[in-house]
Amino acid sequence: MNILIIGSGGRESAFAWKIAQSKQTAQLYVAPGNAGTGQYGQNVPIQVSDFEGIADFVLDKQINMVLVGPEEPLVKGIHDYFLERADLRHIPVIGPQRQGAQLEGSKDFAKQFMVRHGVPTAASRSFNRSTLAEGLAYLETQKLPIVLKADGLAAGKGVLICATLDEAKSELKAMLEDAKFGEASNKVVIEEYLTGIELSVFVLTDGNTYKVLPSAKDYKRIGEGDTGLNTGGMGSVSPVPFADNVFMDKVEQRIIVPTIEGLKRDGIPYKGFIFIGLMNVEGNPYVIEYNVRMGDPETESVLPRIESDLVDLLQGVAAGDLFERSFTLSSKTAATVVVVSGGYPGTYESGKAINNLENVKDSIVFHAGTREEKGVVQTAGGRVLAVTALEDTLFEALQQATADAGRIYFEGKYFRKDIGFDLL
């Protein structure tokens, strides 16, 4: 098969690494890719939302499957675009159509979906600019802290946890009146704050049946001890020690089954990944959010634990016979440490030469924000690399990944040295 991966981050690097191992892969392309994805396939200079450019390439290279990494092209309807064109509709796209992508594209849509189908989640109400006064009055009736979420896509930055009523009112005004997150905060979900431990569960579905992929836990804050600003993710581990069989059975029966059945009842076709962001509240799972693709950096911890052929599972999604496919998991633990540019998630510089990558022997280095200029690998983003170790124990995996993150050098490099140690 000729396969095209759309995206350019650490998640797409991990997909490229895994798909390149498949005997079913003839030629692998990544659009636009990064300095690392070129090791596993051919990078193509097409942006993720250039649907016409992608279509022309797919036809020219006789692509047999398209795997969409990031959320933006899914929310904008790349899958629908393929289905609407007679010359493309036979080519499977792994990723939901626009309607299903609203699970991530609109927090309000996702909340209404969960309430409609009895999926446990935090209590909430949504407000827009015309109902701002009602929103401010609602805040006065709620317990603190309280969560404010921009309804639309805000690059992972649209969620605020407010400790005081004054802060909550000020931020709600900033989001609705001053467009703090642009169009994404035209509507705001005010949500009850849940106390517990977060984790992520990944599901692959053909729209009818599903497979539960390994659980993972990611670390969002820039500073050690989970302090400082939120980021796209500073590291992850898989499996999650507290997500035992009893807890995962609750997740499946209370959340996964109602989600898949809810999509069917609502007439929403869905072929692809569902990322379920969960809070473990005293042993019971609650949904914080849905994403309609794999997470990053969780993908870099999850995929190395899948020992069987990922392409076979993806073909099951495309053909609608996923229930007939099986996959095997490693009993080992994966730990991922993300190496970022100095200043991230604020202002940072790019174009710094990355050295010593060849000295990492016992971990996998997935590229995220990198590019190659005249044979030199350089930084090209906030999150630059994801270093993943697969070892017998969580401690060994964390030790290896952290040590290998330290072996790499570029000016301004930073990484957290405490990823996963809260779980030991």
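Q: Taking a salt bridge as a side-chain nitrogen of Lys or Arg within 4 Å of a carboxyl oxygen of Asp or Glu, how many does the structure hold?
A: The structure holds 22 salt bridges. This is a predicted model, in which local features need pLDDT of at least 70 and side-chain atom pairs count only at pLDDT 80 or more, while totals for chains, interfaces and linings use all residues. Residues are numbered from 1 along each chain as its sequence is written, and side-chain values use heavy atoms, leaving out hydrogens and water.

Q: Which residue does Glu411 meet in a salt bridge?
A: Its partner is Lys352, with 3.4 Å from N to O. Glu411 lies in the segment after α12 (394-407) and Lys352 in the loop between β18 (333-340) and β19 (364-367), so the pair ties together parts that are 59 residues apart in sequence. Helices (H or I, at least four residues) and strands (E, at least two) are DSSP runs, numbered from the N terminus.

Q: And is Lys352 buried or exposed?
A: Lys352 is buried, at a relative accessible area of 17%; buried means under 20%, exposed over 50% and partly exposed in between, using a 1.4 Å probe and protein chains only.

Q: Changing topic, where is Asn34 found, and what does its side chain touch?
A: Asn34 is in the loop between β2 (27-32) and β3 (42-43), and it is buried, with a relative accessible area of 5%. The side chain of Asn34 makes a polar contact with the side chain of Ser13 at 3.3 Å, a polar contact being a pair of N or O atoms within 3.5 Å where, within protein, one must be able to donate a hydrogen and the other to accept it, and residues adjacent in sequence count only if both atoms are side-chain atoms.

Q: Last one: in what order do the four strands of the open sheet run?
A: The order is β11-β10-β16-β17, with antiparallel pairing, where two strands pair if DSSP finds at least two bridges between them. β11 (210-212) and β17 (284-291) stand at the edges with a single partner strand each, so one side of each is left without a neighbour in the sheet.
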